[in-house]
Amino acid sequence: MDEKLTVLNTVEMISQLMGELESKAFEMEGFSDVTMNQMHYLDTIAHLEKPTFGELAEDLGVTRPSVSVIVKKLIDAGYLTKSQSQHDRRVYFLQLTKKGKRFNELHNEVHRILAARITENLSKSEIKALSGLLEKIT
């Protein structure tokens, strides 16, 4: 079989497995209302640690109005809060709520489970080789 086709099929299978793991985990915890786009926002906000709307827009490569729409939905759903800057009243910081932090922890746990599944039948040298290849890709 063509190696590129093998890679394509493998990526599709990993993507499907990731989706299934996340769907099950999120449904069990009551997070089935979060879209893929919103998940990306929550993950980015967690990594940026209290970003402003502008910082989030810049990191995601989207406009501030786009950020405002998604952030409002996430605030209304209880995943985020916004707090006004004491130094510049025009600036607001975004922060995960308890619910948002729990969602992000679960999202990260799914990644760990997937990584464990991928490596469970590999030798140490195969894991090292896979790690090197994935670093090269990314």
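**View 1. E49, an exposed loop residue.** With a relative accessibility of 63%, E49 counts as exposed (exposed is over 50% relative accessible area, buried under 20%, partly exposed in between, with a 1.4 Å probe and protein chains only). E49 sits in the loop between α2 (36–48) and α3 (53–60); helices are DSSP runs of H or I with at least four residues, strands are E runs of at least two, and both are numbered from the N terminus. Most residues other than glycine have a negative phi, but E49 has a positive one, near 55°. This is a predicted model, so to speak of local features takes pLDDT of at least 70, side-chain atom pairs count only at pLDDT 80 or more, and totals for chains, interfaces and linings use all residues. Residues are numbered from 1 along each chain as its sequence is written, and side-chain values use heavy atoms, with hydrogens and water left out.

**View 2. K50 in the loop between α2 and α3.** K50 isn't a glycine either, yet its phi is positive at about 65°. Its relative accessible area is 43%, so K50 is partly exposed.

**View 3. R90 in the loop between β1 (80–84) and β2 (92–96).** R90 counts as exposed, at 72% relative accessibility. The C-alpha atoms of R90 and T35 are 29 Å apart, and the two residues are separated by 55 residues along the chain.
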